[in-house]
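User: I'd like to learn how to read a few features of a protein structure. Could you take me through one, a feature at a time?

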Amino acid sequence: MAKKKSSDFTLLLTVLILVIIGIIMVFSSSHYYALSKMNDSYHFLKRELMWATLGLLGMFFTMNFDYWKYKKLAPYAYIFSIILLILVLTPLGMEINGAKRWLGVGGFTIMPGEVAKICGIIFAANYLSRKPEKIKKFLQGVVPCLFIIGIYFSLIILQPNLSTAVTISGIIGCMMFVAGMRWAHVSLMGLSGVGLLVVLILLEPYRMRRLTGFLDPFADPQGTGYQVIQSLLALGSGGLFGVGLGKSIQKYLYIPEPQNDFIFAIIGEELGFVGCVTVIILFLLLIWRGVRIAINAPDLFGCLLATGVTSMVAVQVIINIAVATSSMPVTGIPLPFISWGGNSLAIFMSAIGILLNISRYSNLDRS
């Protein structure tokens, strides 16, 4: 193993800036909602600061925990995540808005779907790096990976949570591609995935309504098209420089729970096009550093682990911004480091710590 160096400072600084932007925007977008619903305008700010602190501790730990030690933990991480996903379907699961996606532990809630993302990345990286030549064979390499994805997909879709199921599938799919999966298998897997997605949409009326709402949101402006229309109004009214931090109109209960999945629209309204582009550039910088770390990782396990973490960020950023800009149907995926969501924030920051640890053994100065 290469000699340990300092972590990638550019990546660390980028993540910290995104977290700070997230804390500011969560407070700005949520204070009226929190005041009207919880009678405490600082409710989300206080909890976001608490989770950001836990995230920092998690990131500091994983940044200093040698990444190759996850190889031994990989099977246990996978089993642990499966147990959590099963428990959430039992009476222990908390049902909110018709979905069981949370487990209550004391005063905290855990989203097993978020835990499954990082556990799945560790397990898939270990599996794919042990016998890398197998991924070129459909039955010996691709099918076992599809089995891993299938278990996650099946348990998460029962919650129901199609967006998280698709996200995890996309992350592991990216790792399989980087590991050397043949283009023919990539095409077959992609077409099969699209076909399955179409079937799942057709089977559930609410998913069909979201799809029709995306195709023509103004056909039902008070129903399926409501969130998208309000998001577009927020983005459009922000102009070049925005209406000013804290001066959003759409956060006054026009956009439901504006601190969550549609926080990018509030950024666009308050900070304008410049603010949106700044956030996007920061994410692009983060993804670029992640790709560099993956390419220059000292071993295949580190490469695949870095690929998984970077893909996790990239996939969620693309989906969240696409939803906020009406480029795809509405789905519940938070914007990493910025949207309200304690589990997501702590897990993403801890995952970045893994990426930072890999960077300590990577030759990032190599051309």
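User: Let's start with the cysteines: how far is the sulfur of Cys-174 from the closest cysteine sulfur, and in which residue is that sulfur?

Analyst: Some ground rules before that. This is a predicted model, where local features need pLDDT of at least 70 and side-chain atom pairs count only at pLDDT 80 or more, while totals for chains, interfaces and linings use all residues. Residues are numbered from 1 along each chain as its sequence is written, and side-chain values use heavy atoms, with hydrogens and water left out. Now, a disulfide is a pair of cysteine sulfur atoms within 2.5 Å. The sulfur of Cys-174 sits 12 Å from its closest partner, in Cys-303, so that's too far for a bond. By this rule the count is 0 disulfides.

User: Is Cys-174 buried, exposed or partly exposed?

Analyst: Buried means under 20% relative accessible area, exposed means over 50%, and partly exposed is in between (1.4 Å probe, protein chains only). Cys-174 has 32% relative accessibility, so it counts as partly exposed. Cys-276, at 8%, counts as buried.

User: How do I read a core, and which residues touch the most other members of the largest one?

Analyst: The general idea is that in soluble globular proteins, nonpolar side chains tend to be buried together. A nonpolar core here is a set of buried Ala, Val, Leu, Ile, Met, Phe, Trp, Tyr and Cys residues joined through side-chain atoms within 4.5 Å. The largest one has 108 residues, and Leu-305, Phe-337 and Ile-352 touch the most other members. Helix α11 (residues 300–324) gives the largest share of this core, 14 residues. Helices are DSSP runs (H or I, at least four residues), numbered from the N terminus.

User: What does Phe-337 touch?

Analyst: Contact means heavy atoms within 4.5 Å. Leaving out residues up to four places away in sequence, the contacts of Phe-337 include Val-15, Phe-283, Val-313, Leu-345 and Ile-352. Leu-345 belongs to helix α12 and counts as buried, at 2% relative accessibility.

User: Where does Leu-253 lie?

Analyst: In the loop between α9 and α10. Leu-253 is partly exposed, with a relative accessible area of 39%. Ile-249 is in the loop between α9 (226–238) and α10 (263–295) too, and is partly exposed at 48%.

Methods. Helix = DSSP H or I, 4+ residues; strand = E, 2+ residues; numbered from the N terminus.
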